[in-house]
Amino acid sequence: MTPTEILIFLQEVPLFTDLTVEEFAQLADICRERNFDKGHAIFYADDQGTSFYVIAKGAVKIVVLADDGREHILGVLKAQDFFGEMSLLDGEARSATAIALENSQVLSISREDFQSVLRRNPDISLKIMVTICRRLRRADRRVESLAFLSAPGRVARILLEMGKEHGERTDEGLSLHHKMTRQELANIAGTSRETLTRVLMEFQDEGLLTLRKNVLIVHDEKQLASKMI
Ligand code: CMP
């Protein structure tokens with residue numbers, strides 16, 4: 001990205017909307033562009049936190065990994081989303097691993113620069129807190145669903161949640177474009193890949209949704225929500 005492209009991009013990021021022209025120029029100055037190929041880790045859980053990241057292009061998954069390599073996806077972040085703030089705020093190690101879900105471009109800001117941006121801009125601190133609250137609420141709902149819902153219930157809940165956040169309403173229904181494999185969808189829902197596939201096929205047979213490559217169309221949200229048991 002050229003310096004002008006970085007500046008234009010930063011002006012579109014909701015986290016920074018209230019900055020002045022001069023502050024945007026200062027921010028662009030302290031951002032470093034980094035590119036990650038699909039599947040590459042940006043950092044690992046337990047690393048020391050050294051930077052804050054804003055996604056310019058692509059998507060990043062936040063995961064926890066078991067010793068045998070299995071992963072559970074805590075969140076999927078897209079362009080304009082940020083991550084890496086937690087360890088910079090509390091001084092602890094990275095709470096999770098960040099992996100590029102597709103070829104991705106991120107802007108990184110060093111710990112020292114991030115902290116001085118926050119000191120100078122209380123509005124940015126507040127917006128970060130709001131995002132942390134939203135992520136905590138989602139995490140609480142996930143715990144609830146893993147504890148209390150059946151496998152079809154967990155799949156239905158995750159589809160509706162992702163549809164609400166990333167889907168678009170079309171004539172056919174709620175259309176969710178994604179670049180995730182079945183295994184990754186299963187890792188979000190907290191099921192095995194086989195179970196996820198079986199449940200999706202059952203939902204498709206019941207006319208609740210249609211599966212196409214990288215697109216999932218929910219035809220009947222109410223009926224799907226009734227599976228959350
Ligand atoms: P940090 O702990 O520095 O490194 C991992 C990052 O993943 C963390 O900061 C947050 O930015 C992000 N993160 C952690 N948990 C979640 C979650 N449940 N949903 C979305 N992002 C998360």
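Biologist: Which residues line the largest cavity?

Modeller: Start with the general idea. Rolling a probe the size of a water molecule over the atoms shows where empty space is left. Here, a cavity is a set of points on a 1 Å grid over the protein atoms alone where a 1.4 Å probe fits but cannot get out, and lining residues have an atom within 4 Å of a point. In this structure the lining of the largest cavity is Ile73, Leu74, Gly75, Val76, Arg138, Arg142, Glu161, Met162, Glu165, His166 and Ile188. The model is predicted: local features need pLDDT of at least 70, side-chain atom pairs count only at pLDDT 80 or more, and totals for chains, interfaces and linings use all residues. Residues are numbered from 1 along each chain as its sequence is written, and side-chain values use heavy atoms, leaving out hydrogens and water.

Biologist: How many cavities of 30 Å³ or more does the search find?

Modeller: Volume first: grid points are joined across faces, edges and corners, and the space filled by probe spheres set on the points is the volume. The search of the whole structure finds two cavities of 30 Å³ or more. The largest holds about 110 Å³.

Biologist: Which elements each supply at least two residues to the lining of the largest cavity?

Modeller: Elements are DSSP runs numbered from the N terminus: helices (H or I, at least four residues) and strands (E, at least two). For the largest cavity they are strand E5 (71–78), helix H5 (122–148) and helix H6 (151–166).

Biologist: How do the residues of that lining divide into nonpolar, polar and charged?

Modeller: Classes go by residue type. Ala, Val, Leu, Ile, Met, Phe, Trp, Tyr, Cys and Pro count as nonpolar; Asp, Glu, Lys and Arg as charged; the others, Gly among them, as polar. The lining of the largest cavity has five nonpolar, two polar and four charged residues.

Biologist: And which residues line the second largest cavity?

Modeller: Leu15, Phe16, Leu27, Phe52, Ile109, Phe114, Val117, Leu118, Ile124 and Ile128. Helix H4 (111–120) and H5 each give two or more residues to this lining. H4 gives the most, with three.

Biologist: How many salt bridges does the rule count?

Modeller: The rule is a distance test: a side-chain nitrogen of Lys or Arg within 4 Å of a carboxyl oxygen of Asp or Glu. The count comes to 16 salt bridges. Some are linked in a network, made of Arg138, Arg141, Arg142, Arg157, Glu161 and Glu165.

Biologist: Take the Lys61 and Glu184 pair. Where do its two residues lie in the chain?

Modeller: The side chains of Lys61 and Glu184 meet at 2.8 Å, N to O. Lys61 is in strand E4 (residues 59–65) and Glu184 in helix H7 (residues 182–189), 123 residues apart.

Biologist: What about Glu172 and its salt bridge with Arg212: how far apart are the closest N and O atoms?

Modeller: They are 2.9 Å apart in the Glu172–Arg212 salt bridge. Glu172 lies in the loop between strand E9 (168–170) and strand E10 (173–177) and Arg212 in strand E11 (residues 209–212), so the pair ties together parts that are 40 residues apart in sequence. Glu172 is partly exposed at 41%. Arg212 is partly exposed at 45%.

Definitions and conventions
1 Å grid on protein atoms, 1.4 Å probe; cavity = no way out; pocket = protein on both sides within 12 Å on 5 of 7 lines; lining within 4 Å. Buried < 20%, exposed > 50% of the residue type's maximum accessible area, 1.4 Å probe, protein only.
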